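Have a look at it first, then follow along.

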Amino acid sequence: MKKRWLSGIVAAVLLLSGCTYAGGNVDSLLRPPMLSDEQNDIWLALQKDAQGDSIKLVYPQRGDNRSAIFLANLDDEPEEEAVAFFQPATASSAAAPIRMKVLDKLDGEWESMYDLVLDGTQIEDVSILNVGTGVPLLAVGLNFVGTGNHLLRVMQFDGQVLNTVFSQNYQTKGIYDLDGDGTDDIFLVENPESEVKTWAKLYTYENGRFVTSGSALVNPEITLYANIVKGYMAQGEEAVYLDGYKGSELMTTEILSYDQENRELINWTYNGETSQNYPVDRVPLATCYDLSNDGVIEVPGIRPLPGYEEGSTSPLYLTDWYHFSGGKYERVQSSFVNSSLGYILTFPEDWIGKVSAQKTTQENEILFYEYHMGQDPASSELLYLRVTTRSEWVGEKVSSDYELIDTRGQIVYLAKIADSDSPLRISIPEVKEYFSRII
Ligand SMILES: [Ca+2]
Ligand SMILES: [Ca+2]
Ligand SMILES: [Ca+2]
């Protein structure tokens, strides 16, 4: 989720400072990682196999493994095998078949063991699954660009042949141990079965294959899943949080958990028949997040700050963060989220409904002020938050009214408290307490 917030100045400064953050929005700006010597040897072996046809590597889009060539032990022989994804260099990427090859090192030379063509137009992600057999499985998520469709293929390598042990289309997925037995399970929201039925399913590995260990209907009005995260509900139960679009203007969250005792998947937010309204039905500006990093997921609801309406031009919003507990949402705190500049300002409770915000003429600055209808914000200003570069700050190009409240690399976060006798006025130490970076 963190990558979702990253954009604008923050991304630019991170890139300039040489930080290797591999987040979504900056993906296109980052070059693929350099190949190691071993990867380079594998690449040479691939090229030799291609017999003069020009090939290029295909990189997974998401997840922990972003390498087009990686090493993993896939069978019961203890040495590592190599896996590579590539396609013809000349074909347009949307149409070119993606090939996957498993190589093994024989007498010091990498040699192709098995080669197959994968469906799909992109590699979404690659995971190595531990299913408790001592022989890991290779799970490849594939995208079909422009369709929203995905395909998961789980394969097992027996030393010579790569066998597909599971294959299923899906809308979103997670590899988690939801049944608590210490092995990886597959959680999928599958493609709609009909206009009124879309299933989430949990597959667990038993006796050499994946079997359905639970299923629950999800809201069929959700047409696109934007985010999936596993964490906890407020009462400590493990849960999967799904942020999805209902049309293009509205986002909502579904929460599912697995009842290990009764081996049932439970959807806490959809009863299988009617779509309910929740305070987290929102304009699609934020997804679930663990604000306090304690494992309990906060779910955002979004409302315009005082003086703005949904239809205003460039409205600024307050984000209400909810915990899901005992079957309902409870607000835990509210904050101003500046996703483009990468920070959150938690609102003191007495600010809610009374304090609004607006951009100032100063670049990357927000003014927080006590809202009175029809009155100039300058007459009731409380706090300015500004983001600039370290060189501006160190070069004393910023007025001495500002104080430094946080830094990240070459970025500095500054605050200025306005002269005011309002009871809503807060101090610099309070600003520091309420402020947090989201990158
Ligand atoms: Ca091996
Ligand atoms: Ca498991
Ligand atoms: Ca939390």
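How many residues does helix H3 have, and how far does H3 reach from its first C-alpha to its last? I found 13 residues, 37-49, and a reach of 19 Å, close to the 18 Å expected at 1.5 Å a residue. The expected span is 1.5 Å times one less than the number of residues. After H3 I came to Gln-51, where phi is positive, near 50°.

**Ground rules.** I am reading a predicted model, where local features need pLDDT of at least 70 and side-chain atom pairs count only at pLDDT 80 or more, while totals for chains, interfaces and linings use all residues. Residues are numbered from 1 along each chain as its sequence is written, with chains lettered from A and ligands numbered from 1 in the order in which they are written.

**Whole chain.** I looked up the secondary structure and got five helices and 27 strands. The C-alpha atoms fill a box of roughly 80 × 55 × 35 Å along the principal axes. Of the 439 residues, 33% are buried; that takes 20 or more other C-beta atoms within 10 Å of a residue's own, whereas 12 or fewer makes it exposed and anything in between partly exposed, with C-beta atoms placed from the backbone.

**The core.** Which residues touch the most other members of the largest nonpolar core? I noted Ala-84, Leu-138, Ala-139, Tyr-241 and Val-299, in a core of 62 residues. Strand E3 (residues 81-88) gives the largest share, five residues. A second, separate core has 29 residues, including Ala-286 and Tyr-369. A nonpolar core here is a set of buried Ala, Val, Leu, Ile, Met, Phe, Trp, Tyr and Cys residues joined through C-beta atoms within 7 Å.

I then checked Ala-84: beyond its neighbours within four places in sequence, Ala-84 is in contact with Ile-42, Leu-46, Ala-68, Ile-69, Lys-101 and Leu-103. Contact means that C-beta atoms, placed from the backbone, lie within 7 Å.

**Four-strand sheet.** I traced an open sheet in the order E10-E11-E12-E13, with antiparallel pairing; two strands pair if DSSP finds at least two bridges between them.

Nine bridges join E12 (residues 198-206) to E13. Within this pairing I picked out Thr-204 with Val-211, and Lys-201 opposite Ser-215. The two strands form a hairpin with two residues between them, and Asn-207 in the turn has a positive phi of about 50°.

Is Ser-194 buried or exposed? Ser-194, in the loop between E11 (185-189) and E12, counts as exposed because it has 7 C-beta neighbours inside 10 Å. Ser-194 is 26 residues from Pro-220 in sequence, yet their C-alpha atoms are 8.6 Å apart.

**Five-strand sheet.** My last stop was an open antiparallel sheet in the order E22-E23-E24-E26-E25. E22 (355-359) and E25 (403-408) are at the edges, each with a single partner strand. E25 pairs with E26 (residues 411-417) over five antiparallel bridges, and Arg-408 has Ile-411 as its bridge partner in E26.

Conventions. Contact = placed C-beta atoms within 7 Å.
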